[in-house]
Amino acid sequence: MNTRVKTVVDDIIKAVQDVLIKHDVTFEEYRAGFYYLIDAAEKHEIPLMLDMFFNQTICDIEMKSRQGSRSSVEGPYFLEGAPEITDQIKVGDKAEPLLIRAEVKDIHGNPVPDVLVDLWWSDPDGYYSGYTDDLPIEYYRGKIKTDDQGRISVMGSVPEAYPMTQERHGPVGNLIEMLGGQGMRPKHVHQKYRKEGYKTLTTQTYFRGENYLDDDPVKAVFDELCLDLKEENGVKVLDLDIVLDPAD
């Protein structure tokens, strides 16, 4: 028996049972929820639902033991097999260019070389690559290592806001509406930073002044994750200052 699993699962079950009892949930209501979950599973939206409600909570727990940059939700669209790049991520013709620069340091301010950095974001239509033949994994995502000064510089594109479901009125989107919310995620760039000897950092960066920052359905927008875009030679630039925590 796995004691840790049993403790957590027992508490989750007890918490759900207590809510059902507190609100006198009827059999019909219970079955409606039952079939809702079946529908969400058949439409492959269970990962989306779990990340919407719980991923940021895990990140907040992580921050209790971190001094470095704030972690944020990975989301359901990370793919381990993103292509290795040098200075450019492949994007489509409609994409607006965005230069992404990052400087990675440790908690003492020293540059951290050879950090494996994954970058990924949505295309101009709000979709992620690697999930359909029309948008292969080679687009809008890639991985690169920091140089000896802990830096990367990658030409990519400006992401687009998108609904929390590939169908605007899929199960997750419908649930958001029933709860009185809106399902659009603000524009953001995903990042994952990995190197032996350091805690993995998964985070997102948002753009100040964009829509949906104040009512993100994932509740993953924080002031320190919102940055102003610069402009150099007619191209928008995103500068990231990243601090990695030492591994435990």
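**A helix contact and a pocket**

A: Happy to. Leu48, Met49, Met52 and Phe53 of α3 meet Val172, Leu175 and Ile176 of α4, where contact means heavy atoms within 4.5 Å and helices are DSSP runs (H or I, at least four residues) numbered from the N terminus. The residues of this contact divide into 7 nonpolar, no polar and no charged, with Ala, Val, Leu, Ile, Met, Phe, Trp, Tyr, Cys and Pro counted as nonpolar, Asp, Glu, Lys and Arg as charged, and the others, Gly among them, as polar.

This is a predicted model, in which local features need pLDDT of at least 70, side-chain atom pairs count only at pLDDT 80 or more, and totals for chains, interfaces and linings use all residues. Residues are numbered from 1 along each chain as its sequence is written, and side-chain values use heavy atoms, leaving out hydrogens and water.

The axes of α3 (residues 46-62) and α4 (residues 171-178) come within 9 Å and cross at roughly 35°; axes are lines fitted to C-alpha atoms, for helices over the stretch in contact, with angles from 0 to 180 degrees between N-to-C directions.

Helix α3 also belongs, with α1 (3-22) and α2 (27-42), to the elements that give two or more residues to the lining of the largest pocket. The largest share of that lining, 6 residues, comes from α2. Its residues divide into 14 nonpolar, 1 polar and 1 charged.

Just after α1, Asp24 takes a positive phi of about 50°.
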